[in-house]
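Let's take a walk through this structure together. Keep the picture open while you read.

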Amino acid sequence: MSKIPHIKSVETRYLEERARLFQGLQSLDRRSFLKVSTGAAAAALAAGAANHFHSFLPVNVAYAAEGAALPGFSFAYISDSHLYIKKTNERFVRQLLRAVDDVNKLDPQPDFVFFGGDLAQLGRKEELDLGAQILRNIKAPVHMMVGEHDWFYDMGHHWNELFGPENYSFDHKGVHFVVLMSVHEKDFWTARGMDAAERMHTVAGLDNAMQSAFEVGGPTREWLKKDLDKVSKSTPLIVFSHSPLYKLYRPWNFWTDDAEDVQALLKPFDRVTVLHGHTHQVLANSIGNIQFQGMLSTAWPWPYAPQGMPALTVQMNRPNPFDSNDGLGDGQLTVHPDGMVDMLYNLWNRNPMQVKASYLSSGGKNDKPVMPTLASY
Amino acid sequence: MKNSVLFVLVLTATLAAKADDPTPAPGTKTVKLCDNKTTVQVSNDAPKTREEGQKISDELMAQWKETNPNSTWEQGEIEAHQVVTPADNSRLVGTGQSSTYGVVTQQTVEVWKNETYKTALYGSKVFHSGDELGSEIAVSCDMCHPRAANTHPETYPKFQPQLGRVAMLRDMINWCIEHPVRGKVLAADDPKMRAMEAYILAQRKGTPLDYGKR
C-alpha cells in the first residue's frame, strides 16, 4: 500500500502547536519557561520567522534547538507509609492521608503518582488492604513499588494480588520507566527456625543484624537485562528501586548487595535516574551516567548514616523531635525535555528543597541547594 | 454435689501446699534452687560424690530453663543489635587493690564488664520494643534512631527551649516515650530508664563530651 501524504490544515497545525505549548508549560516552572521563550525568540528571529513570533511556534523551535523530542512532564511520589492496621496506629494513617491530599492538590496534576514501597509495616493483609484503600483516593494514575515491609510476611503474595507483578516497566512520553524489586534477602530464617511473623519482624528492624543484605538477585537482573535490550540507548531511563542501587551503609541496609551488577546493566544508557525509597531522607548521589535521588517517608525520618555518605548529598536539617511531622513529606519530579530529572522535596512544615539534575551532573558546582544548618551528629 | 466441691477444695489445698513446701517422699529429701522455687527430690541413699552433685544441679537448671524460656535473650540481643561492649580493664589484673575484691583478678574484670554490658543490653531490648516501652501505637525508639543514631547523649545537659528548661538525656528519653512513642513515662531511677541511658551512652562510646552543643 502506497503512503498517502497527510496534509494538515492551518487550523490543525495551529491547534497542535497550542496543545504542545500547554503541554510544555505544564512541565516547566516560570524561570525555565522564560529561558525557553527567550531562546525560542532568538532562534525564530535567526530563522527569519519574526512574523511568526505571535504564534506558538517558538516553543517547538526551542525543543528542536536542544535536539530533544520529549515533551517534558512531571510526576509526584509518596513513599514509605509503614501502615499498621488503623486500630494500632492512626498517626501513620493520617500522615499518608496528608500526602494523598498533597498530590491531589497539585495544579496542574502530575502525569502519575509513584508509590515508593513499604506501604505496610509488618506485611499483613489488613495493612496492605488499608494502604490500597487510601491510595485509591489519588486522582492521578498510581504506579506501585514493593518494599521489604510489604514482602517478608507472605513473601509478596498479598502485595502481588493487590498490585500485580513486583517487576515491570512502561513507557511514558519518551521515557522508559523500570520498577525493580531490589529487597530480596538470602534465607536467614530457616536455619533459625523463624516463622513468618518472626521473619517479618526481623526484617522490619532496620538495625537488626540477623537479616541478610538486600539484593536484586540473579533472576530479576536477568529480567532487567531482557527488558532493557528492547530500549534504545539514547532513551532516557528512570529506574525505581526500594533500596538505593548503590552501597551506602550496610548495617542499616542502605545498600544493594549486587549494585555493581545492576549499574553495569544501566551503564550503556545516555541518561539514567534512579529513584529509591527506604532511606526516609533527602539523599542524592551520582555514579557515572546514573543519578540517584532518595524519597521522603510519610511515617518517620531516618538519621544520616555515620559512614559512606555520597559526597554530593545535601542533608536535610536534623528532624525536630518536638514536631511529629518534621523531616517527612512527599515530592514532585520534573522530567525535562532532554531527560534530566529534577527532584523537589515537599518537606512538611518546612521550606521545600530542590535537588536538580544539573547540580549532580556538574559535580556539585551548579544549582547548589540550600545547605543545612543542623547537620547530623 | 457438696462432697465433690469439698473434695476439689481439699485437693487444691494439698497441691498448693506441695508447690510451696513440698513434703519429700519417704526416703528422699528436697533440694531447692537459689530461686527458692525450683526443686528436685534426691534419694537419701544417693552417694555424696561430685558427679551426683552435678546431676542434681543439671536437673534443677533444666527445670529452671523450661520455666524461663527467654533466659537467653542477651544472646539474641547481641546478635541482632550488636551493642557496643564496655571498656576492657584487663590491664588492671594482678595489680593494685580493688575496694571490693582486694586484688583485681581476671574474674573481677569479667564481672565488671558483664554486669555493665548486661545493663546496656537490657537498654537495647527496651529501646527496640514498643511493648517494653508501653507504646499504644507500636512505635519504638529504633524507628527514628537505628543503633541509637542521632541521640547524641554527649550534648546533654543543654537548654531545650521546647521544654523551657535544661534537659538531661533522660528528659529527652521521656519526652520521646510520651510523644512519638505514646508510652508510659519512666521514673528517673526506673530500671528501664537506667538501662536505656546505658545503651545510648554505650553506642556513643569514644565521642568527646560537649554538653550544651546544638
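Start where the two chains meet: in this predicted model, 23 residues of chain A are in contact with 20 residues of chain B. On chain A's side of that meeting, 14 residues are nonpolar, 6 are polar and 3 are charged.

Now look at the largest nonpolar core, which has 110 residues. Which residues have the most contacts inside it? They come from both chains: Y77(A), V113(A), F115(A), L180(A) and V239(A), along with M196(B) and Y199(B). The element that gives the most to this core is α6(B), with 7 residues. Leaving aside residues up to four places away in sequence, Y77(A) touches V113(A), F114(A), G116(A), L275(A), M295(A), D330(A), G331(A) and L333(A).

Back to α6 of chain B, which spans 191–203. How do α4(B), residues 106–127, and α6(B) pack? Their axes are 7 Å apart, at an angle of about 100 degrees. Angles of 65 to 115 degrees count as roughly perpendicular, so that's the word for α4(B) and α6(B). On the α4(B) side, the contact is made by T119(B), A120(B), Y122(B), G123(B), S124(B), V126(B) and F127(B). From α6(B) come K192(B), R194(B), A195(B), M196(B), A198(B), Y199(B) and A202(B). Sorted by class, this contact has 9 nonpolar, 3 polar and 2 charged residues.

Another helix of chain B also meets α6(B): the buried residues of α5(B) pack against α6(B) and against β4, residues 165–167. Those buried residues of α5(B), which covers 169–178, are L169(B), R170(B), M172(B), I173(B), N174(B) and I177(B).

Most residues other than glycine have a negative phi, and most peptide bonds are trans. In chain A, though, a cis peptide bond joins D107(A) and P108(A), with omega at about 5 degrees. You'll find P108(A) in the loop between α4 (90–105) and β2 (113–115) of chain A. Chain B has a cis bond from Y156(B) to P157(B), with omega near 0 degrees, and P157(B) sits in the loop between α4 and β3 (158–160) of that chain.

As for phi, H82(A) isn't a glycine, yet has a positive value of about 50 degrees. H82(A) lies in the loop between β1 (73–78) and α4 of chain A. Is H82(A) buried or exposed? It counts as buried, because it has 27 C-beta neighbours inside 10 Å. A138(B), also not a glycine, has a positive phi of about 55 degrees and lies in the loop between α4 and β3 of chain B. With 19 C-beta neighbours inside 10 Å, A138(B) counts as partly exposed.

Notes: Residues are numbered from 1 along each chain as its sequence is written. Chains are lettered from A and ligands numbered from 1 in the order in which they are written. This is a predicted model: local features need pLDDT of at least 70, side-chain atom pairs count only at pLDDT 80 or more; totals for chains, interfaces and linings use all residues. Two residues are in contact if their C-beta atoms, placed from the backbone, lie within 7 Å. Ala, Val, Leu, Ile, Met, Phe, Trp, Tyr, Cys and Pro count as nonpolar, Asp, Glu, Lys and Arg as charged, and the others, Gly among them, as polar. A residue is buried if 20 or more other C-beta atoms lie within 10 Å of its own, exposed if 12 or fewer, and partly exposed in between; C-beta atoms are placed from the backbone. Helices (H or I, at least four residues) and strands (E, at least two) are DSSP runs, numbered from the N terminus. A nonpolar core is a set of buried Ala, Val, Leu, Ile, Met, Phe, Trp, Tyr and Cys residues joined through C-beta atoms within 7 Å. Axes are lines fitted to C-alpha atoms, for helices over the stretch in contact, and angles run from 0 to 180 degrees between N-to-C directions. Angles under 35 degrees count as roughly parallel, over 145 as roughly antiparallel, 65 to 115 as roughly perpendicular and the rest as oblique.
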